[in-house]
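This report walks through a few parts of one structure, taking a pair of helices, then a sheet, then a group of aromatic rings. Please keep the structure in view while reading.

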Amino acid sequence: MAEEKKIPYKIYLNEEEIPKQWYNVRADMKNKPAPLADPATGNPLPAEALNVVFCEELVKQELDNDTAYIDIPEEIQDFYKMYRPSPVVRAYCLEKALGTPAKIYYKFEGNNTSGSHKLNSAIVQAYYAKKQGLKGVTTETGAGQWGTALSMACAYFNLDCKVYMVKVSYEQKPFRREVMRTYGASVVPSPSMDTEVGRKINAEHPGTTGSLGCAISEAVEVAVTNPGYRYVLGSVLNQVLLHQSVIGLEAKAALDKYGVKPDIVIGCAGGGSNLGGLISPFVGEMLRGENDYRIIAVEPASCPSLTRGKFAYDFCDTGMICPIAKMYTLGSNFIPSANHAGGLRYHGMSPVVSQLYHDGLIEATSVEQTAVFEAATKFARTEGILPAPESSHAIKVAIDEAMKCKETGEEKTILFGLTGTGYFDLVAYEKFNNGVMTDYIPTDEELQASFDKLPKF
């Protein structure tokens, strides 16, 4: 017990210890994630085809399956210093409230104005867009964290930023929208009537509240039809997980300082950026046979791509204008219920995370949102941070695992990712506090209808 007291509440790295390279977990994967493919032929897309949509340097990162460590540009390292390193926090108060022998740690990524981990990749993508001489970028956002982060990054590099925000979030989270506008971004509820694909989706799904797949289609259309623009994405892609590896690298370095090895690593899973970034160095050790961990991806029961999806090639967007990716998917036609309060609204999962799950290196579970907000409330009342709904999925399962330790008497060490804060999610908290929040789980019939529209070769 005396040794435990030496571990502070917050473990910080020194500024000099911020990672100078990103870790590319694909380099150590025996089974590489399948490449992005042409929906017409099924053939892998070459860099030349992807350069039309994405920044050239980001395409190189997207396609690089072999380089384990990629240097972080010095200008990005300097920007990171404004809010990194972020702390690993020992949840002593939560442990005490639960009465568990488990040791609980969380990596807190909400200590920047965007309120989440998304800034780690947004600043990188904006940097490469500026370096390429572009006028601006387009993107989508679900709960608004990615759009907020990208608007900050574009303001820093004086780039135009066009954000298509999932309509239900646009309406439920006006303050997140206004932060984006304050940083100079234009924000449009999606699906809109401004684009060809938006008009098509509205015609096929009258009154739809939107999805990330819809918003992606609109953002891509605008990028490829406007000279000087490229599309950037906040999750799913290999390049994004590469940039987010700074989370896991910092977490592992901080814990290593005190000789702490987690038994269980838990992250929320929507498109896979936070989860992939957090787990990458731990999975790397597993792939190289150096260590073993239990890794759990937590997704919403209302959008359960890993736990109920198909591992197949599918469109990355609802409008079916993007390349196709092999991933766990609910079908690009799947639109989550408006009942679902947070982010984690994407119909598919990162090809990297999908391959790791398919190979049995990670587990996945889904949780219902009322239970998620119960966990969020417990965490807020004990640890003093109002967590984002997305992060609270990981909190829910971390509490569950800690309670299992209470039942068995095992002293396991748990690490989870606290992706951000929930101060822009108060409409959802209001519904929970008023007792009007409900759960929605799609039926097998609903999912099958979407699966039936998966592309076939």
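## Helices, sheet and aromatic rings

In this predicted model, helix H15 (residues 369-383) packs with helix H16 (residues 389-408) at an angle of about 85 degrees, and their axes are 8 Å apart. An angle of 65 to 115 degrees counts as roughly perpendicular, and H15 and H16 are therefore roughly perpendicular to each other. On the H15 side the contact is made by Ala371, Val372, Phe373, Ala375, Ala376, Lys378 and Phe379, which meet Pro389, Ser392, His393, Ile395, Lys396 and Ile399 in H16. By kind, the residues of this contact between H15 and H16 divide into nine nonpolar, two polar and two charged.

The next part is a sheet. Four strands form an open sheet in the order E8-E7-E6-E9, and their pairing is parallel. Strand E8 (186-190) and strand E9 (229-231) stand at the edges with a single partner strand each, so one side of each is left without a neighbour in the sheet. From one strand to the next, the twist averages 20 degrees. Strand E7 (residues 160-166) runs parallel to E8 and is joined to E8 by five bridges; Val166, for instance, has Ser190 in E8 as its bridge partner.

Two helices pack on this sheet. Helix H6 (residues 145-157) touches strand E6 (136-141) and E7, and the direction of H6 makes about 165 degrees with that of E6. Helix H10 (residues 212-225) touches E6, E7, E8 and E9, and the direction of H10 makes about 170 degrees with that of E6.

| Pair | Distance between ring centres | Angle between planes | Arrangement |
|---|---|---|---|
| Phe79 and Tyr156 | 4.8 Å | 75 degrees | edge-to-face |
| Tyr80 and Tyr83 | 6.2 Å | 90 degrees | edge-to-face |

How values were computed. Residues numbered from 1 in each chain as written. Predicted model: local features only at pLDDT ≥ 70, side-chain atom pairs only at ≥ 80, totals over all residues. Heavy atoms only, no water. Axes fitted to C-alpha atoms, helices over the stretch in contact; angles between N-to-C directions. Parallel < 35°, antiparallel > 145°, perpendicular 65-115°, else oblique. Contact = heavy atoms within 4.5 Å. Nonpolar A, V, L, I, M, F, W, Y, C, P; charged D, E, K, R; others polar. Pairing = 2+ DSSP bridges. Phe/Tyr/Trp six-rings, centres within 6.5 Å; stacked < 30°, edge-to-face > 60°.
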